[in-house]
Amino acid sequence: YERNSGMPFKQRLLVVANRLPVSAVRRGEDSWSLEISAGGLVSALLGVKEFEAKWIGWAGVNVPDEIGQRALSKALAEKRCIPVFLDEEIVHQYYNGYCNNILWPLFHYLGLPQEDRLATTRSFQSQFDAYKKANQMFADVVNEHYEEGDVVWCHDYHLMFLPKCLKEYNAKMKVGWFLHTPFPSSEIHRTLPSRSELLRSVLAADLVGFHTYDYARHFVSACTRILGLEGTPEGVEDQGKLTRVAAFPIGIDSERFIRALELPKVQDHIKELKERFSGRKVMLGVDRLDMIKGIPQKILAFEKFLEENTSWHDKVVLLQIAVPTRTDVPEYQKLTSQVHEIVGRINGRFGTLTAVPIHHLDRSLDFHALCALYAVTDVALVTSLRDGMNLVSYEFVACQDSKKGVLILSEFAGAAQSLGAGAILVNPWNITEVASSIGYALNMPAEEREKRHHHNFMHVTTHTAQDWAETFVSELNDTIVEAQLRMRQ
Ligand code: G6P
């Protein structure tokens with residue numbers, strides 16, 4: 001059947017994430033300019049052809065006035081986006097506070113904040129209240145736009161309270177929740193004061209997804225040990241209600257990267273970079289400037305490599321792109337100065353009048369410049385202390401089909417489970433091991449590089465973001481059908 005527009009009817013998918021895939025800049029009282037970010041989720045959802053996707057999320061800007069809000073909503077509607085307006089105080093307590101100062105470090109095994117315990121305990125409660133309030137605001141917007149038959153897909157650690165709020169509005173709503181970070185061991189999750197409330201809320205969803213089997217297993221253990229519920233091979237059961245829990249490893253739109261490499265502007269860029277670094281091997285790191293990425297440890301390992309391998313001094317360069325992120329959170333500010341200090345020291349120590357060993361950039365690169373950089377790289381260093389998946393490793397592999405460079409990859413990134421056979425796996429905390437892996441990678445014979453690359457390239461090009469989204473969404477749809485069937489029996 002058809003909706004009144006005459007277009008064939010498509011089931012709707014409401015994608016709810018903290019951040020909309022746009023950056024919005026206010027140009028006047030009632031005018032906005034929008035730029036769509038072509039990130040992983042956006043291209044993934046373009047692949048879900050049977051559904052018409054709409055996004056619900058925060059536009060990343062404070063819009064206190066109604067005229068501005070109305071104009072922004074209108075502009076966003078053209079991009080199939082629906083904004084949730086959060087005021088500055090909520091953003092401070094919910095996003096900077098509970099999400100990025102509490103849940104993010106905890107889920108990456110960095111523990112709860114420890115300075116001034118009393119203050120933390122007091123602010124913990126107000127931050128959790130703000131988190132719940134913000135989640136309720138997201139739920140209100142979803143509910144306002146929900147039509148019967150829609151499938152609702154909630155994303156990430158910002159919205160763990162959302163499944164419960166949505167089911168309270170409408171028990172028949174099909175709700176899925178996917179976590180883009182690791183889910184830590186239940187022993188870590190146990191330390192969180194709001195541990196049970198969050199687990200129970202997530203369990204209100206019909207399908208709960210993680211990047212790896214380990215994260216799914218940790219979540220099930222947390223539910224059995226903390227809530228005393230029963231874990232089954234399918235998921236978690238509570239009084240006859242099953243919440244299905246499974247692993248859905250994300251991928252990238254590999255074709256987009258492969259095609260970009262053929263563009264004349266990318267080829268020109270590749271040529272320039274090759275000339276610029278001729279006679280030197282290029283090592284590359286691309287990370288958000290985040291504690292979990294292990295940037296100081298990576299740079300210290302590179303220093304150790306230089307210390308122990310004087311013959312490489314003017315023959316290798318490390319390009320570290322560190323994209324600033326969450327700059328209002330004090331931990332991130334501290335990290336920036338720490339990294340600058342280390343890079344300065346090493347460049348002072350090993351640099352010459354004409355060259356430095358580390359080029360460190362505190363900014364992002366545009367997509368085409370990034371593809372060119374991936375393509376000229378000899379060794380990529382992805383040394384996260386913990387990482388949900390890490391798609392930089394996938395992007396590097398996708399751009400390396402002619403060069404067949406080496407990937408050094410942290411065993412604590414989700415990607416280690418899929419690219420482990422092709423990459424050199426390292427423990428990022430072990431600086432000696434990372435330093436010797438750098439040497440191994442730089443000296444690796446072509447035949448071994450080719451074999452390792454082939455393994456990874458096959459994986460990256462056959463496990464795409466589109467497959468990921470399609471599998472999750474269709475499974476979410478089927479899970480409900482199953483549940484309804486069970487009710488009828
Ligand atoms: C991680 C999270 C995402 C988040 C992204 C950027 O990948 O899993 O949910 O959007 O970081 O962080 P930001 O705080 O800038 O949204």
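The largest nonpolar core of this predicted model has 146 residues, and those with the most contacts inside it are Val16, Val152, Trp153, Phe219, Leu407 and Ile408. Such a core is a set of buried Ala, Val, Leu, Ile, Met, Phe, Trp, Tyr and Cys residues joined through C-beta atoms within 7 Å, where buried describes a residue with 20 or more other C-beta atoms within 10 Å of its own, the C-beta atoms being placed from the backbone. Helix 3 (residues 88–107) gives the most to this core, with nine residues; helices (H or I, at least four residues) and strands (E, at least two) are DSSP runs numbered from the N terminus. Residues are numbered from 1 along each chain as its sequence is written. Because the model is predicted, local features need pLDDT of at least 70 and side-chain atom pairs count only at pLDDT 80 or more, while totals for chains, interfaces and linings use all residues.

An open sheet of nine strands, with mixed pairing, has the order 5-4-1-6-7-8-11-10-9, two strands being paired if DSSP finds at least two bridges between them. Strand 5 (81–84) and strand 9 (230–231) stand at its edges with a single partner strand each, so one side of each is left without a neighbour in the sheet. Strand 5 pairs with strand 4 (residues 51–58) in the parallel sense over four bridges, and cysteine 81 in strand 5 is the bridge partner of tryptophan 55.

A second open sheet is formed by six strands in the order 14-13-12-15-16-17, with parallel pairing. Here strand 14 (358–361) and strand 17 (424–426) stand at the edges, each with a single partner strand, so one side of each is left without a neighbour in the sheet. Within this sheet, strand 15 (residues 379–382) is joined to strand 12 (residues 281–288) by two bridges and pairs with strand 16 (residues 406–410) over four bridges. Alanine 380 of strand 15 stands opposite leucine 284 and also opposite leucine 407 in strand 16. Both faces of strand 15 are covered, with Val379 and Leu381 buried on one side and Ala380 and Val382 buried on the other.

Strand 15, helix 14 (residues 392–398) and strand 16 make a right-handed β-α-β unit, meaning that, with the strands pointing away from the viewer, the path from the first strand over the helix to the second runs clockwise. Strand 16 is in turn joined to strand 17 by three bridges, the two running parallel, and serine 410 stands opposite valine 426 in strand 17.

Terms used
Buried ≥ 20, exposed ≤ 12 C-beta atoms within 10 Å, placed from the backbone.
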